[in-house]
Amino acid sequence: MGEDEENHSVIDIIKYHNEDMQGRLKWGTQKNYYTTQKYITAFLLKAYRTSDRYLEELDYNFIIKFEKYLRGHLPDDHQKPMGNNTVMKHIEQFRKLINLAFKLGWLDRDPFVNFKSQFIKTERGFLSLQELRAIEEKQFTIERLQLVKDFFVFSCYTNLSYIDVINLTEDITLT
């Protein structure tokens with residue numbers, strides 16, 4: 001009769017993942033999962049009028065509906081809908097959660113088996129010398145933005161990545 005089976009839900013796997021990854025993921029990555037969680041919760045409320053759903057109920061149609069929801073959703077902190085690659089990133093994070101549930105034995109089948117993520121390759125152009133100088137001369141009244149601008153300009157001239165510039169210290173110990 002299935003009384004001895006434990007039915008796990010979408011929120012269960014999210015909580016499990018968040019607790020399991022606490023301290024193992026960098027804050028920025030963990031924050032991205034929290035954002036995906038927020039969108040999943042909002043989607044469940046809008047599409048299914050519920051705050052949770054059993055993992056066994058997930059299918060290809062659920063994933064397609066979630067993708068469509070993300071494409072049409074207008075976030076409170078943005079002026080425009082999410083772009084394709086942002087939508088795909090949230091889908092990929094959701095897919096990782098579902099794969100974890102599958103590996104834990106919480107799911108008998110993978111609802112993503114027929115879903116193919118399609119990222120759009122974007123080529124970033126280079127700044128012209130005039131554009132770089134315009135950025136250099138720009139002054140911000142917010143100290144944080146001024147600092148980010150200075151790091152960016154420094155990165156342009158030194159060819160260091162932004163993360164390498166952030167991690168620079170005054171320590172000049174030679175090894």
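This is a dialogue on reading side-chain features in a predicted model.

Colleague: What should I know about numbering and confidence before I start?

Modeller: Residues are numbered from 1 along each chain as its sequence is written, and because the model is predicted, local features need pLDDT of at least 70 and side-chain atom pairs count only at pLDDT 80 or more, while totals for chains, interfaces and linings use all residues. Side-chain values use heavy atoms, with hydrogens and water left out.

Colleague: Where does W106 lie, and is W106 buried or exposed?

Modeller: Helices (H or I, at least four residues) and strands (E, at least two) are DSSP runs, numbered from the N terminus. W106 lies in the loop between α4 (84–103) and α5 (129–137). Buried means under 20% relative accessible area, exposed over 50%, and partly exposed in between, with a 1.4 Å probe and protein chains only. At a relative accessible area of 17%, W106 is buried.

Colleague: Which residues is W106 in contact with, leaving aside neighbours within four places in sequence?

Modeller: A contact means heavy atoms within 4.5 Å. For W106 the list is H8, D12, I13, Y16, L55, E56 and A101. One of these, H8, also has a side chain joined to that of W106 by a polar contact of 3.4 Å. A polar contact is a pair of N or O atoms within 3.5 Å; within protein, one must be able to donate a hydrogen and the other to accept it, and residues adjacent in sequence count only if both atoms are side-chain atoms. S9 is 97 residues from W106 in sequence, yet the C-alpha to C-alpha distance is 8.8 Å.

Colleague: How many salt bridges are there?

Modeller: The criterion is a side-chain nitrogen of Lys or Arg within 4 Å of a carboxyl oxygen of Asp or Glu. The count is four. Among them is E67 with R71, at 2.8 Å from N to O. These two residues are four apart in helix α3 (residues 60–72), so about one helical turn separates them. E67 is buried at 14% relative accessibility, whereas R71 is partly exposed at 33%.

Colleague: What are the distances for R24 with D20 and for D150 with K149?

Modeller: In the salt bridge of R24 with D20, the closest N and O atoms are 3.3 Å apart. R24 is exposed, with a relative accessible area of 57%, and D20 is partly exposed at 29%. For D150 and K149 the closest N and O atoms are 3.6 Å apart. D150 is partly exposed at 37%, while K149 counts as buried at 6%.

Colleague: Which residues touch the most other members of the largest nonpolar core?

Modeller: In soluble globular proteins, nonpolar side chains tend to be buried together. A nonpolar core is a set of buried Ala, Val, Leu, Ile, Met, Phe, Trp, Tyr and Cys residues joined through side-chain atoms within 4.5 Å. The largest one here has 29 residues, and L55, F66, L70 and F94 touch the most other members. At least two residues of this core come from each of α1 (10–21), α2 (27–48), α3 and α4. The largest share, eight residues, is from α4. Not counting residues up to four places away in sequence, L70 touches Y39, M82, V87, H90 and I91.

Colleague: How many aromatic pairs are there?

Modeller: A pair of aromatic rings is described by the distance of the centres and the angle of the planes. Rings of Phe, Tyr and Trp (its six-membered ring) pair if their centres lie within 6.5 Å; planes under 30 degrees apart count as stacked, over 60 as edge-to-face and the rest as tilted. The count is 11. F43 and F62 have ring centres 5.2 Å apart and planes at 80°, so this pair is edge-to-face. The pair links distant parts of the chain, with F43 in helix α2 and F62 in helix α3, 19 residues apart. F43 is buried at 2% relative accessibility, and F62 is buried at 1%.

Colleague: What links F43, Y48, F62, F66, Y69, F94, F112 and F115?

Modeller: Ring pairs link these residues into a cluster. Y48 also has the charged end of R53 over its ring, 4.0 Å from the centre. A charge sits over a ring if NZ of Lys or CZ of Arg is within 6 Å of the ring centre and within 35 degrees of the ring normal. K138 lies over the face of F140, at 5.4 Å from the ring centre.
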